[in-house]
Amino acid sequence: MNEKPKTVYDDVKSNGHSRRDFLKFCSMMAAFMGIKSSGVGQVVEALETKPRIPIIWLHGQECTGCSESFIRSSHPIVADIILDKISLDYTETLMAASGHQAEASLKQTMEKYKGEYLLIVEGATTVGDGGVYCCIGGKTFENRLKEAAEGAKAIIAWGNCASAGGVQKANPNPTGAKAVHEIISGKPIINVQGCPPIAEVMAGVVVHLLVFERIPQLDAHGRPKAFYSRRVHDTCYRRPNFDAGLFVESFDDENAKRGYCLYKLGCKGPVTYNTCGVIKWNNGVSFPIQSGHPCIGCSEANFWDNGPFYQHLSQFPGFGIETTADKIGVGLGVATGVGIAAHAVTTNIRKRKLIQKSKKDDDDDS
Ligand code: FSX
Ligand code: SF4
Ligand code: F3S
């Protein structure tokens, strides 16, 4: 008799989490994915009934920050379920197996789950000088990627390196680094941008695939719209200062202490699409701008070459209304805010409330 495949909920229970934890996780994921409250039931049902997704997670040229971000998710179910239990059938940095045993596991997963597994790629692919700059198990990373992509149902490119080439691709790109979409065609590719991406965003994308069995809506750069449809600038808590023309002029000046806008220090929030200001990091504790550092645009392709990090943009491409920082003052902000749809604002408020509630529940539990 065939054993019934395990569901995510089976794994939640066997991992010692309560039903309440599970439901909290489902609500959080639904909110992050932009699903209306009425759709939470669909997430719960899918995680209770659908078998886990086999995952192969490859590492190319990178710093492993994407894995670090993921395993540091403050939500226990993200780490336990997505990482341990949705099962990583193969991942070079986190699996116990090594050497021939690891390679055998990769081969076995590719054969057993042909056409069904999810391929997650972290890091750039290097094609310079025959691919010598990144070889694993005696093969170039490019060949390993092509081989694994062949039988994959869909591909997730984790982080800027896999989505756009990352720092490795910065001019003059000595190793010939490329993004996944520049190597692989004919497969759905989801770019989960950021250097690294936010853990809850990573989990949200995997849960979306499991729940809906289709890829989420993507923007023109292959990023899931649920997380990348608004600029960092649109959800930044320093935005009222920008609109009022109140800027930090140099690090640690009086205006920095007052929490004014970091635009003049080079903040790329106005041209960067991500949800950092909403979900934040470490259970909603902070994000770069809240720590006093301008956004360096890490969720956009070629951000290393998009001008100096600490010099303000002379103008915002595509956002003529905001012109230059020197002309920004009271009043202009009204126009800049028009692009935020009411739905987006509502979703934001819901996300923030959920994060706060989740923090409060955790505090009450401890
Ligand atoms: Fe790249 Fe991942 Fe930047 Fe690092 O490994 S997205 S260098 S933080 O994290 O690939
Ligand atoms: Fe926030 Fe940067 Fe926009 Fe200022 S320029 S409001 S710091 S995102
Ligand atoms: Fe990256 Fe800017 Fe967010 S630097 S982490 S996109 S605030």
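**Contacts, ligand shells and cysteines**

Tutor: Let us begin with Asn-241, bearing in mind that this is a predicted model: once neighbours within four places in sequence are set aside, Asn-241 is in contact with Leu-246, Gly-259, Tyr-260 and Cys-261.

Student: Which helix does Asn-241 lie in?

Tutor: Asn-241 belongs to helix α11, which covers residues 239–243.

Student: And is Asn-241 buried or exposed?

Tutor: Asn-241 is buried, because its relative accessible area is 16% and the cut-off for buried is under 20%.

Student: OK, switching to ligand 1. Which residues come nearest?

Tutor: There are 13 residues around ligand 1, and those that come nearest are Cys-63, Cys-66, Glu-122, Cys-161 and Cys-195.

Student: Which other residues have a polar atom by an oxygen of ligand 1?

Tutor: Glu-62 places a polar side-chain atom 2.8 Å from an oxygen atom of ligand 1, while for Gly-65 it is a backbone N or O atom that lies 3.0 Å from an oxygen atom of that ligand.

Student: How does the shell around ligand 1 split by class?

Tutor: The shell around ligand 1 has 5 nonpolar, 6 polar and 2 charged residues.

Student: What about ligand 3, what surrounds it?

Tutor: Ligand 3 is surrounded by Thr-272, Cys-276, Trp-281, Pro-288, Cys-295, Ile-296, Gly-297, Cys-298 and Ser-299. By class, that shell has 6 nonpolar and 3 polar residues, with no charged ones.

Student: Lots of cysteines there. How many disulfides?

Tutor: The count comes to 0 disulfides, where the rule asks for a pair of cysteine sulfur atoms within 2.5 Å.

Student: Are Cys-66 and Cys-276 buried or exposed?

Tutor: Cys-66 counts as buried because its relative accessibility is 10%, and Cys-276 likewise counts as buried, at 9%.

Student: Last one, what does the whole protein look like in numbers?

Tutor: The protein has 15 helices and 9 strands, and buried residues make up 53% of its 366 residues. Among contacts between residues at least 6 apart in sequence, 76% join residues at least 24 apart. The protein exposes about 16500 Å², of which carbon and sulfur atoms supply 54%.

Notes:
Residues numbered from 1 in each chain as written. Chains lettered and ligands numbered in written order. Predicted model: local features only at pLDDT ≥ 70, side-chain atom pairs only at ≥ 80, totals over all residues. Heavy atoms only, no water. Near = heavy atom within 4 Å. Nonpolar A, V, L, I, M, F, W, Y, C, P; charged D, E, K, R; others polar. Helix = DSSP H or I, 4+ residues; strand = E, 2+ residues; numbered from the N terminus. Buried < 20%, exposed > 50% of the residue type's maximum accessible area, 1.4 Å probe, protein only. Contact = heavy atoms within 4.5 Å. Polar contact = N/O pair within 3.5 Å; in protein donor to acceptor, adjacent residues only side chain to side chain. Areas by Shrake-Rupley, 256 points an atom, 1.4 Å probe, with all protein chains shown as cover.
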